[in-house]
Structure formats: structure tokens, C-alpha cells
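Please look through the sequence and the model shown here before reading on. The paragraphs that follow lead from the confidence of the prediction to single chains and then to the places where chains touch.

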Amino acid sequence: MSLAIETHELSKRYRRVSALTECTVAVPEGRISALVGPNGAGKTTLLRLLAGLAGPTGGTASVLGGAPRQDPAFLAEIGFLAQEIPLYRRFTAEDHIRIGAHMNPRWDAALVRTRLTELRIPLDQRVGTLSGGQRAQVALALTLAKRPRLLLLDEPVAALDPLARRNFLTTLTAAMADADGDLTVVLSSHLVTDLERVCDHIVLLAGSRVQLCGDIDTLLAEHKFLVGPRKDTAPIERTHQVVHTVTTARQSTLLIRLNGPVTDPSYQAEDVSLEELVLAYMGADEAAAGKHLTTVGEGS
Amino acid sequence: MTWLVWRQYRAQAAIAAVLLAAAAAVILADGFQLASHWHSILINCAGNTGCSQQASLVNGMLGDLPYLSLIVPAVLGILWGAPLVAHELETRTSDFAWAQSVTRTRWLTVKAGWLLLAAAACGGIITALTTWWSGPDNAQHASAFNPGHFDTQGIVPVGYAVFAMALGIAAGTVTRRSVPAIAVALGGFIVLRLVISDFIRQHYMTAVTTYYDVAGSFTPRGQAWVLAQGGVSTTGRVVATGWGDLYPALPAVCQRLLPGTPTAKNTSLNSVFSCMRAHGWRGFATYQPASRYWPFQGIETGIYVLLAAALIAVTFVVIRTKDA
Amino acid sequence: MIGFRVDGRSGVPPYLQIVRQVRQALRMGVLDVGDQLPTVREVVAAVAVNPNTVLKAYRDLEREGLVEARAGHGTFVRALPPGPPPGTHSRLGRSLARWVRDAREAGLDDESMESLLRVTLRSADAADSESEEIA
């Protein structure tokens with residue numbers, strides 16, 4: 001299984017602020033990977049570094065086998081869609097298609113025209129006058145027309161209504177099906193429910209660090225909620241990694257990452273949903289490595 | 001890529017074409033009228049010195065044309081060069097352009113290349129028209145090196161136009177914002193032009209100094225550029241022309257001979273001159289000969305083109321190394 | 001042709017939802033032996049899910065023997081899911097009615113009965129998977 005993206009201790013500092021700190025991730029080819037994290041966690045920075053639009057201040061990144069570089073062959077394999085949906089507002093979609101044809105060796109103009117026609121988006125109208133959802137679809141179609149091997153999408157559905165969002169994700173998954181394993185997607189987003197149906201891999205950033213990275217199925221299988229009477233959690237902590245703890249007067253709920261079977265019969269083991277997993281790890285910041293204690297309703 | 005440049009700048013190209021055509025029409029019309037008037041004067045006045053006064057009345061309607069042809073290409077170069085990179089960065093369309101399969105270097109090469117070429121072409125057309133139009137004016141006045149003339153004819157306007165464009169592009173790339181870039185580029189352009197024309201131009205080649213008898217006069221041949229003229233003594237003191245400046249520098253014995261001073265009795269200027277001659281005074285003129293007109297044009301154009309090249313080199317470095 | 005629904009919030013993994021919906025369709029007669037399942041492309045275009053999810057669901061169904069993939073043609077229904085032997089439903093229904101009567105006499109309301117059923121199902125699943133691991 002080859003890796004589409006591999007970074008090692010990747011860092012990006014801006015004067016006093018560290019946007020990314022020693023990030024090590026691996027995204028296998030053919031995955032749709034969710035890039036998740038609170039605002040300011042470094043998602044945009046990571047995507048821009050991978051696309052070659054910015055340079056790291058530390059560590060290395062390997063994208064499709066090599067470091068991101070100013071090389072037409074490399075640029076042709078990467079599709080990057082920035083958060084603000086960058087298009088020339090005064091140009092029409094057809095203009096953009098012509099621009100793409102001139103600036104890319106592989107260019108599937110028919111793909112753009114077909115997709116936009118299916119979505120009833122006019123090709124001869126200035127892009128600036130289209131709605132947000134329509135612009136996002138135009139931008140995505142133009143990015144796909146490059147026939148890239150890696151798609152980096154920075155919060156493309158953030159500003160879209162539910163229908164536009166669904167259309168966008170449908171276009172994306174259809175392209176994935178057509179590519180038959182030749183396409184890898186990294187999609188940053190806040191909406192976990194969308195992620196669960198579309199993504200099979202996740203990279204979670206919080207506080208400029210990587211908190212979680214791996215196949216979603218594997219991660220969900222590796223994590224469990226342990227619900228049981230409130231007591232000393234040290235024995236559990238010795239064996240497993242405790243990610244998050246909620247205690248009431250009588251009960252403890254621990255979110256653990258399994259390191260072997262759970263042998264304490266007083267705990268009830270329950271499955272963890274993706275949303276619960278994401279929320280738990282997103283709460284983890286640089287200072288508290290893993291353990292976060294909340295006490296709820298003493299005496300309830 | 002070239003198509004993209006055209007598509008982005010076709011409005012500006014249209015405006016420039018219209019302006020150029022209008023300017024050409026007006027200049028040609030006025031210039032033809034000017035030339036025929038001048039021609040008829042030359043014929044009528046052949047050998048007749050009294051005609052010189054009539055000749056000085058020959059003035060095109062576009063008296064200030066040279067200054068306009070100086071300002072407009074420079075302003076347009078800065079106005080259209082500054083947004084080249086800055087506007088793309090401001091509106092984030094750079095995220096689209098640089099996500100295609102064209103490297104940033106190639107992107108800049110094509111865009112800047114066409115714009116610089118256009119600047120040179122426009123500058124060339126304007127200067128050709130202005131030079132032709134100035135024919136009669138040049139024939140009358142020994143003013144080839146004067147700022148209003150040197151800057152607006154020959155080949156230097158091409159250098160200015162190219163430099164203005166390069167300055168605009170570089171300013172836009174460094175400031176990443178169109179409006180500050182325009183301000184910086186305009187300011188920088190004005191300052192540099194003034195500094196070069198007022199302080200540096202005269203030193204392109206070592207000026208020639210000719211000495212002559214203190215009683216005589218000397219005018220360099222043709223349309224030379226006189227930098228300084230006056231009297232010089234054996235001690236090397238250089239004084240400007242005019243008795244007001246000369247008098248205080250003379251030895252007392254010569255001063256007393258100056259007609260009009262209380263001590264002068266039956267003297268004439270010639271006695272003053274003989275006295276000065278005896279004391280080793282000579283007249284001098286430091287000038288750039290008329291024959292250096294084209295070399296100077298070439299040097300100045302070369303300077304501006306080199307500056308433009310340096311600015312473009314800086315632009316390339318910034319584009320390649322800074323984060324998008 | 002069957003249409004799939006994937007609910008992102010149901011807690012059930014998307015691929016499992018597809019597997020269950022195919023099994024349900026087979027049980028209800030919406031799909032019959034020899035019918036073609038929608039292609040990955042068709043599913044994905046209708047319901048925005050990862051193509052790998054559909055592939056995984058179809059592979060699971062193939063492993064269960066319910067469908068078979070014919071290279072270049074698509075995925076076709078091979079067999080119907082085994083139902084319980086005849087009379088099972090009525091037999092189990094009668095013992096369930098007896099249990100409900102016992103529970104009501106003991107004082108359980110409907111909600112408590114449902115909760116007990118759920119817990120029992122879960123621990124039965126856990127026991128099954130543990131015994132699978134040991135085996």
C-alpha cells in the first residue's frame with residue numbers, strides 16, 4: 001500500500017506563532033481522508049504546505065513520492081481548492097475552462113461542461129454572479145478536470161446549504177468511483193456526519209499538532225467507552241491510553257484507546273461513534289496530553 | 001498562458017490602443033502643419049537673418065506635448081504593472097492560477113514579459129511621434145540636452161516606460177497590495193528620474209573643458225550641453241560668468257580698472273582683460289559636446305533597462321521563495 | 001432496482017447499512033436471484049458515500065454467499081438469505097408472549113422490557129464475538 005502523503009515532524013512557524021508543530025501523518029493512496037480540527041488548528045496551513053503554496057520551517061513532506069516543488073509534472077498531479085473558492089469573478093465558467101486548457105497538460109474540458117450542465121449551472125455567466133454553491137461546484141469541476149492524483153480541498157462545503165453540500169459531495173464521490181483507486185482526497189471540514197459517510201481516513205489536528213491519524217474503521221475499533229462505577233482509573237491507565245474521562249458522583253465514563261482486551265468486569269465496554277471520537281481528541285491540547293477530567297453534577 | 005494574459009488585459013490593451021491612436025492622430029496633424037509652416041519660413045528666409053524672429057513664432061498647438069508623452073506612459077506602466085501580481089494576491093486568484101500546472105516562474109515570465117514588451121512598444125511609438133513632431137523645434141533651439149527635450153525624444157522614453165512597468169510589477173509583488181504598490185512605484189519613479197536627470201546624467205562621460213582667452217567668448221558647436229562657464233585663475237579658482245560673480249575674485253589691481261568703479265579713470269574693459277590675462281586668468285567652458293547626444297541617450301536608456309532588469313529579477317526571487 | 005439510504009447519524013457504519021438494506025430487500029422480495037445490484041458508480045451518485053464503502057458492503061455480501069461479482073458485468077444476486085425453519089416465528093412468538101406476561105406480572109413496563117431486550121442482545125453479540133476470537 002503506497003502512501004499518497006507522508007510527512008515527518010512537519011512544522012510551520014510564523015514569527016511568534018507556530019501554525020504546525022512536528023506533524024507526522026500518513027495518508028494511503030485511494031483514501032478520502034478527513035482533515036478535522038478546531039479553527040486555527042493548522043488545517044489550511046497543512047494543505048497549503050502539501051500543495052506547495054507555502055514552504056515548511058521544519059520537517060519534511062512527501063506528496064505522491066516527492067517533496068512539493070515547482071515542477072509542471074508535480075503541479076499537474078495535485079488539485080488544490082482553497083477555502084475562499086478562488087475564481088476570476090469577472091470571467092465565465094467557459095473562460096475558466098479555456099484558461100485551464102492552456103495551463104494544464106491533461107485537461108478534460110468535457111467533464112466540466114457535462115457536470116455543470118447536469119447541475120444546471122450556466123457556462124456563460126460571470127462566475128461572480130453565481131451563488132456560493134454554484135461557485136463551489138464550478139471550482140471543484142475545474143479542479144477535477146486536471147485529472148489530478150491527489151485532491152486537497154480546504155473547507156469547500158463550509159459556506160454551502162445542505163443541498164449544495166450534498167451535490168458537492170456526490171460530485172466528489174462520483175469522481176472517486178470513476179478514478180477507480182487512482183485518486184486520493186484530503187478534505188478538511190467541520191461537519192462530522194458528512195465525514196463519516198464519505199471519508200475512510202482521518203487526520204485530526206488540534207493546537208497545531210496531530211492528535212489522530214489513521215483509517216476510521218481501525219480507529220473506531222481501537223477505541224471504546226468504558227462505563228462503570230467511579231473508582232481509581234490507574235489500573236486501566238497502566239494498560240490502555242485514556243483519552244477522555246467524565247466522572248459523576250457515582251459513575252465514570254472513560255474513552256480509551258485499546259491496548260489489548262479489557263479484563264475488568266465492572267466496566268461496560270461500548271462502541272465509540274466518529275463524532276464522539278473527534279470531539280474527545282479535539283479537546284486535547286498541547287498541555288494536557290490525553291487526560292481531560294470533567295466532573296458532572298456532584299451528588300446526582 | 002499567453003491567452004490568459006490577453007484575456008486579463010484586453011480592456012487595458014483596448015484603452016491603450018485608443019489612446020495611442022488618438023495621440024498619433026493629433027500629433028501627426030499638428031506636426032504636419034508645423035513642418036510645412038517651418039518649411040515655408042526656411043524658404044522665405046534663406047539668407048535673411050531677420051527671419052529668426054518669425055521662426056520663433058513657429059510653435060505647434062501642442063506646446064506641452066512633450067511633457068504629456070513623458071507622463072502618460074510612465075503612469076500607465078505603474079497603474080497596470082502594479083496590479084499584475086498584487087491584484088492576484090489580493091483577490092486570492094493566485095490560489096487558482098498557481099494551482100494549475102504552470103510554475104510560478106513561467107507564469108510571471110509570460111505575464112511580465114508581455115507587459116514589458118507592451119510598455120516598450122508604447123514608449124517607442126510615443127517617442128517616435130514626439131521626436132518627429134519636434135523637428136522644427138529642435139532646428140530652432142540649441143536644446144537637445146535640455147530636460148524637456150532630452151527626456152522626450154530619442155530612445156530614453158522607451159527605457160523610462162519599461163522601467164516604470166518593472167517598478168510597478170516589483171512594487172506590487174513586494175507589497176502584495178495594488179494601491180500601496182502604485183503609490184510606492186510612482187514616488188520611486190519620480191525620485192529616480194529627478195536624481196538621474198539632475199545629478200547623474202551630466203557625469204555619464206567626463207565633460208570636456210576648453211580654455212580660451214579671457215576677453216574672448218566661446219560657444220561649443222552644435223547643441224552641446226554647457227555645464228559650467230566662466231573664468232579661471234592660476235590658483236584654479238573657478239567662477240561663474242557675469243561680472244557680479246567675477247569681480248570679487250579678481251586681484252585688487254584688476255578690480256580697480258573696472259569701468260564704473262571710482263578708481264577707474266580712462267580705462268576700458270580691455271584694460272581689465274589685459275590685467276586679468278597678465279595674472280593668468282583664462283576663460284573656460286565645461287560641456288558635453290553635441291556629438292555625445294546619442295551616446296548619452298544610449299547610456300541613460302541602458303541604465304533604466306538595467307534597473308528594470310534588476311527589479312524583475314527581484315520579483316522572480318520573491319515569487320519563487322515567499323509563501324503564496 | 002433498489003435504492004439505498006445511508007444515515008450518517010445512525011451510529012451504524014455506512015457499509016453495514018448497505019449490507020442490511022440488501023438483505024432486507026432480499027427478504028422482502030424487492031431483489032430476487034439473478035437481479036443486478038446497482039453499480040458502485042450508481043450508488044455513489046445517488047447517495048454521497050465513499051465508493052470503498054459500497055465495495056466493502058458488496059464484498060461482505062459476496063462472502064456471505066448472497067451475491068457474486070462477475071468481472072466486467074457487475075454484481076448479481078446469487079442466493080436468498082437463509083430464513084429460519086418454518087414454524088420458528090410462530091414458536092418463538094408464543095414463548096415471547098409468555099415472557100411478556102411474566103414480565104408484566106413482575107412489574108416491568110414496556111420501556112423496561114425494551115431496555116432489557118437491548119442489553120441482552122448486546123451482551124449476546126459480545127459473547128458471540130468473544131467466542132469467535134477464542135475460536
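Chain C of this predicted model has an average pLDDT of 84, and 92% of its residues score at least 70. Within chain C, the confidence is highest in helix H3 (residues 51–63), where the mean is 91, and lowest in helix H5 (residues 110–134), where the mean is 79. For the complex as a whole, the predictor gives an ipTM of 0.86 and a pTM of 0.83.

Chain A holds an open sheet of 6 strands, which follow the order S6-S7-S8-S4-S9-S10 and pair in a mixed fashion. Strand S6 (78–81) and strand S10 (209–215) of chain A are the edge strands, each of them pairing on one side only. From one strand to the next, the twist averages 10 degrees. In any sheet, the strands pair through backbone hydrogen bonds, and they may do so in a parallel or an antiparallel way. In which sense do strand S4 and strand S9 of chain A pair? Strand S4 (residues 32–36) and strand S9 (residues 201–206) of chain A pair in the parallel sense, over 4 bridges, and A:Val36 stands opposite A:Leu204 in S9(A). Helix H10 (residues 274–282) of chain A packs on this sheet, where it touches S4, S9 and S10 of chain A, and the direction of H10 makes about 25 degrees with that of S9(A).

A helix of chain A also deserves a look. Helix H1 (residues 43–51) of chain A is mostly covered, since 8 of its 9 residues are buried. The buried residues include several leucines, namely A:Leu46, A:Leu47, A:Leu49 and A:Leu50, but A:Lys43 and A:Arg48 are also among them. Just after H1(A) comes A:Gly52, which takes a positive phi of about 85 degrees. In chain B, helix H4 (residues 83–90) has as its buried residues B:Pro83, B:Leu84, B:Val85, B:Ala86 and B:Glu88. H4(B), too, is followed by a residue with a positive phi, in this case B:Arg92, with a value near 65 degrees.

The next level to consider is the domain. Chain A is divided into domain 1 (3–207) and domain 2 (220–295), and the C-alpha centres of these two domains of chain A lie 34 Å apart. Where they touch, 9 residues of domain 1 of chain A are in contact with 8 residues of domain 2 of chain A. On the domain 1 side of this contact in chain A, the elements that give two or more residues are H7 and S9, and the largest share, 3 residues, comes from H7(A). Sorted by class, the residues of that side are 6 nonpolar, 2 polar and 1 charged.

In chain B, 6 residues of domain 1 are in contact with 4 residues of domain 2, and the residues on the domain 1 side are 4 nonpolar, 2 polar and no charged.

How many residues of chain A are in contact with chain B? There are 23 residues of chain A in contact with 19 residues of chain B. Helix H2 (72–77) and helix H3 (93–103) of chain A each supply at least two residues to this side of chain A, and H3(A) gives the most, with 6 residues. By class, the side of chain A that touches chain B has 14 nonpolar, 5 polar and 4 charged residues.

Towards chain C, 17 residues of chain A are in contact with 14 residues of chain C. Here helix H6 (162–179) and helix H7 (192–198) of chain A each supply at least two residues to the side that touches chain C, and H6(A) gives the most, with 8 residues. This side of chain A has 7 nonpolar, 4 polar and 6 charged residues.

Methods:
Residues are numbered from 1 along each chain as its sequence is written. Chains are lettered from A and ligands numbered from 1 in the order in which they are written. This is a predicted model: local features need pLDDT of at least 70, side-chain atom pairs count only at pLDDT 80 or more; totals for chains, interfaces and linings use all residues. Two residues are in contact if their C-beta atoms, placed from the backbone, lie within 7 Å. Ala, Val, Leu, Ile, Met, Phe, Trp, Tyr, Cys and Pro count as nonpolar, Asp, Glu, Lys and Arg as charged, and the others, Gly among them, as polar. A residue is buried if 20 or more other C-beta atoms lie within 10 Å of its own, exposed if 12 or fewer, and partly exposed in between; C-beta atoms are placed from the backbone. Two strands pair if DSSP finds at least two bridges between them. Axes are lines fitted to C-alpha atoms, for helices over the stretch in contact, and angles run from 0 to 180 degrees between N-to-C directions. Domain bounds come from an automatic or database domain assignment. pLDDT is the predictor's confidence in each residue, from 0 to 100.
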